[in-house]
Amino acid sequence: VLGVFGYIFKKNNSNGPDGISARLLYNCRYAIDTQVFILFRCSLHEDIEPNVWKTCSITPIFKVGDCSDIFNCRPVSILPHLFKLFESNIHACIKKNLNHIIINSQHSFRPGKSTIISSISFTSYILNRFEANNQVDLIFTDFKNRLTQ
């Protein structure tokens, strides 16, 4: 648990929706690491999460266009810091167990796999198919969630 404490909270001064400061958690990490570990283990063993972990503060972040149009904003959820720590520990465990079965061409959410590398791989694939006189079919989609009036 301690290694992830520093990674998440070291440069973060914000408060989560539960009012607990990231700086406080970081500064107290050695005093609370055992209690946090027990909390996480109990949560996993009992298959329950504290209700405070299920709350978040939502902040609209402007994207593009007319700033008075709510549809030009995207919601950003501010989660409790302890929940983010719990989630990152779970992610690390799952990643160790699943990383070997993910195909190499999967680029999303993988370290060392950027959109640029994905684009180069994809372009190379298309060029190779064209050079071999093979057909390449593409479907591009853009899903936009708009509320209807």
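In which helix of the chain is confidence lowest, and in which is it highest? In this predicted model, the lowest confidence falls in helix α1 (residues 2-9), with a mean of 58, while the highest belongs to helix α5 (residues 115-131), at 90. Across the chain, the mean pLDDT is 81, and 87% of the residues reach 70 or more. Where pLDDT is low, predicted coordinates should not be read in detail.

**Helix α4**

Helix α4 covers residues 81-98, which makes 18 residues. From its first C-alpha to its last it reaches 25 Å, close to the 26 Å expected at 1.5 Å a residue. Its buried residues are His 81, Leu 82, Phe 83, Leu 85, Phe 86 and Asn 89. As background, an α-helix has 3.6 residues a turn, so residues three or four places apart point the same way.

**Aromatic pairs**

Two of the buried residues of α4, Phe 83 and Phe 86, also take part in ring pairs. The structure holds four aromatic pairs; the table describes two of them.

| Pair | Distance between ring centres | Angle between planes | Geometry |
|---|---|---|---|
| Phe 40 and Phe 86 | 5.1 Å | 65° | edge-to-face |
| Trp 53 and Phe 83 | 5.9 Å | 50° | tilted |

Phe 40 belongs to helix α3 (residues 29-46) and Phe 86 to helix α4, so their pair ties together parts that lie 46 residues apart in sequence. Both Phe 40 and Phe 86 are buried. Ring pairs link Phe 40, Trp 53, Phe 83 and Phe 86 into a cluster.

A further contact with a ring involves a charged residue. Arg 29 lies over the face of Tyr 26, at 3.9 Å from the ring centre.

**Cysteines**

How many disulfides does the structure hold? The number is zero. A disulfide is a covalent bond between the sulfur atoms of two cysteines. Cys 42 has a relative accessibility of 41% and therefore counts as partly exposed. Cys 93, with a relative accessible area of 45%, is also partly exposed.

Definitions and conventions. Residues numbered from 1 in each chain as written. Predicted model: local features only at pLDDT ≥ 70, side-chain atom pairs only at ≥ 80, totals over all residues. Heavy atoms only, no water. Helix = DSSP H or I, 4+ residues; strand = E, 2+ residues; numbered from the N terminus. Expected span 1.5 Å × (residues − 1). Buried < 20%, exposed > 50% of the residue type's maximum accessible area, 1.4 Å probe, protein only. Disulfide = S-S within 2.5 Å. Phe/Tyr/Trp six-rings, centres within 6.5 Å; stacked < 30°, edge-to-face > 60°. Lys NZ or Arg CZ within 6 Å of the ring centre and 35° of its normal. pLDDT = per-residue confidence, 0-100.
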